[in-house]
Amino acid sequence: MDFITNLFSDPATYRLLTIVILSIFLGIEVISRVPSVLHTPLMSGANAIHGVVIIGAIIVMGQAHSDDYLALILGFLSVVLGTLNVVGGFVVTDRMLEMFDKKKKKAP
Amino acid sequence: MTQVILPLSYLIGSVTFIIGLKMLSHPDSARKGNLVAAVGMTIAILATIFLYTDENGNKLGNYAWIFGGLIIGSIVGTLAAKKVQMTAMPEMVSLFNGMGGACAMLISIIEFKHHTSIPADLYEEAGASALKMIPGTLFITIIVGMVIGSVSFAGSIIAWGKLNGKIKDFSFNGQHIMNLLLLGIITALTVYVVAMRPEATIMLFYVILALSLVYGVMFVFPIGGADMPVVISLLNSFTGVAAAFGGFLYNNPVMLTGGILVGSAGTILTILMCKAMNRSLKNVLIGSFGGGAKAGAGGGSKEQGNYKEISLNDTAVLMAYASKVMIIPGYGLAVAQAQHVCHELEKVLQDKGVEVFYGIHPVAGRMPGHMNVLLAEADVPYEKLLEMEDANDQMGSTTVVMVLGANDVVNPAAKEDPSSPIYGMPILEVEKAEHVIVNKRSMKPGYAGIENELFFRPKTSMLFGDAKKVLQDLVSELKQV
């Protein structure tokens, strides 16, 4: 129960809750009109954006005690995985969209 | 000043994600949109590394580890993304998605260890164990973030394996009940651990982790190959939500907005895909496709009548004297890497005065838009790619329809046979055209495992062989006609 009360009574948590709700609507609005041609690149782009989880990994890594090897290794692993998600995601998306560009230039 | 720059960078990050997603949904601005989001991400990452401080004003340490990880991840990620074949794109997206899920999972594990181990001696004086000191909100955030992250990780890896053929479909009776049970146990354990904090909390935490991984595997295992795009999109939004829980954990607005945006946008995208196939999300998840497909294949193996074959030569003549040719690409085209030859065929026909179009079903291939990306790679002009409705409008005036490695998207059973598992899915109505030529490697059913009656219809002729080989031969035949 204290979890629910916390959501509304603690100003910081409540602020986050507001951001969550508004972002949900924003996400729906932004996406609702997409030509099916762009579904795959869009999915891939969104995939790269959720790589923002890397920020959590960096914080965890940076706060690990320098003698806590398990935390260091796990943290390092999470930074690598998060970076893969971000960099790989953006590069793959760019590669897909590059093809649309090429064809655009040749068309006229 | 630092107190301004970090939140400002996060705000910039959040805004670029929104603008990026918006731009990604228009063909003209899509590429820039991707770049905008990438720049925002870079700013947010750099600001975090150099400016982040905890409640006590301590900066981050371990820079060598952080940059080591970033550099290794960047190099491997770039190489993997650059080297991957266009046909293997869906697997790649699934794999990257799994990496993000695993990242979220690891963050939760480390945070849990951090909160349960370090300050233990301090709390013992007060007579309480470290476990009891973790606030409920924090604890539940850690656990839920871990559960979603690990489901997404395990599920994405299975989806990746299924798409590149390393893992076969696998299902058994009562699997759905077992999955529901598993989900119930995970939920119950989470509530129990957070509310009661039993002695065994640490052990139970890892039990929850293990069960979540098992659930992720079992969740994707029974889902039929044709539904894989929907699953990847869904797992994509899962990872978004997992990232958002990380945002809750660190009070971090950019993780929160980025994660939730992807969570909700991914869900909408998932629903759009389901709509294109005229199936409900529930059906996809319960995996009725798997079960139904078996029934369909059983029914379909009744006498189907005969099919007729057509020779390359006849095909070439038929096409050369056609007024309009419509090409229906499917996954077979992607597998055979035949997109370039396909474009060549189009050019040869056009030189002969034949109008050529491509009819693109929204779920042709393994992902929506898969065929568009593939054909764009081969420089096929944008205007030649017709979406399903436009293609169906043109079908009546089309002389020859060439089905290249597509199957389920042209199966008339979707319109005519209510017992078919794909009944109700909109299809490309190829039978409205004068002639239908189907290129397949064999008479084996398509990915959904359903027999296709189209092959036995009087208008249809079969042209067997690997799509690339057949098209190459066809092009050389055509040049001689």
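The following numbered points comment on a predicted model of a complex of chain A and chain B.

1. Confidence in the complex. The predictor assigns the complex an ipTM of 0.91 and a pTM of 0.79. Chain A has a mean pLDDT of 85, with 89% of its residues at 70 or more. For chain B the mean pLDDT is likewise 85, and 89% of its residues reach 70 or more.

2. Where confidence falls. In chain B, the pLDDT is below 50 over residues 288-303. Among the elements of chain A, the lowest mean pLDDT, 74, belongs to helix H1 (residues 2-9), whereas helix H4 (residues 54-63) has the highest, 94.

3. Make-up of chain A. The secondary structure of this chain consists of five helices and zero strands, and along the sequence it reads α-α-α-α-α. Of its 108 residues, 55% count as buried. Among contacts in chain A between residues at least 6 apart in sequence, 56% join residues at least 24 apart.

4. Geometry of H2(A). Helix H2 (residues 11-31) of chain A has 21 residues and, at 1.5 Å a residue, should span 30 Å. Its end C-alpha atoms are 30 Å apart, which agrees with that expectation.

5. The buried residues in H2(A) are Ser23(A), Leu26(A), Gly27(A), Val30(A) and Ile31(A). Viewed down the axis of H2(A), the buried residues fall within an arc of 100°, so they line one face of the helix. Pro11(A), Thr18(A), Ile21(A), Leu22(A) and Phe25(A), on the other side of H2(A), are exposed.

6. The interface. Contacts between the chains involve 83 residues of chain A and 100 residues of chain B. On the side of chain A that touches chain B, the elements giving two or more residues are H1, H2, helix H3 (39-49), H4 and helix H5 (69-106) of chain A. H5(A) gives the most to this side, with 33 residues. By residue class, the side of chain A that touches chain B divides into 49 nonpolar, 25 polar and nine charged residues.

7. Make-up of chain B. This chain has 20 helices and six strands. Buried residues account for 52% of its 481 residues. Of the contacts in chain B between residues at least 6 apart in sequence, 80% join residues at least 24 apart.

8. Domains of chain B. The division of chain B is into domain 1 (87-286) and domain 2 (306-480). The C-alpha centres of domain 1 of chain B and domain 2 of chain B are 40 Å apart.

9. Helix H14 of chain B. In H14(B) (residues 312-320), Thr315(B), Ala316(B) and Met319(B) are buried. These residues cover an arc of only 100° around the axis, which puts them on the same side of H14(B). The elements covering the buried residues of H14(B) include strand S1 (324-329), helix H16 (339-351), strand S4 (400-404), strand S5 (435-440), strand S6 (460-464) and helix H20 (467-480) of chain B.

10. Ala195(B) belongs to helix H8 (residues 175-196) of chain B. Because 14 other C-beta atoms lie within 10 Å, Ala195(B) is partly exposed. Ala195(B) and Val430(B) are separated by 235 residues in sequence and by 60 Å in space, C-alpha to C-alpha. Arg197(B) is in the loop between H8 and H9 of chain B and has a positive phi of about 50° although it is not a glycine. Arg197(B) has 18 other C-beta atoms within 10 Å and is therefore partly exposed.

11. Helix H9 of chain B. Val214(B) is placed in helix H9 (residues 201-220) of chain B. With 17 C-beta neighbours inside 10 Å, Val214(B) counts as partly exposed. Val214(B) is 148 residues from Ile66(B) in sequence and 30 Å from Ile66(B) in space, C-alpha to C-alpha.

12. A further positive phi. Asn251(B) is a residue other than glycine with a positive phi, near 55°. Asn251(B) occurs in the loop between helix H10 (228-250) and helix H11 (253-276) of chain B. Asn251(B) counts as partly exposed because it has 13 C-beta neighbours inside 10 Å.

Definitions and conventions
Residues numbered from 1 in each chain as written. Chains lettered and ligands numbered in written order. Predicted model: local features only at pLDDT ≥ 70, side-chain atom pairs only at ≥ 80, totals over all residues. pLDDT = per-residue confidence, 0-100. Helix = DSSP H or I, 4+ residues; strand = E, 2+ residues; numbered from the N terminus. Expected span 1.5 Å × (residues − 1). Buried ≥ 20, exposed ≤ 12 C-beta atoms within 10 Å, placed from the backbone. Arc of directions from axis to C-beta. Domains from an automatic or database assignment. Contact = placed C-beta atoms within 7 Å. Nonpolar A, V, L, I, M, F, W, Y, C, P; charged D, E, K, R; others polar.
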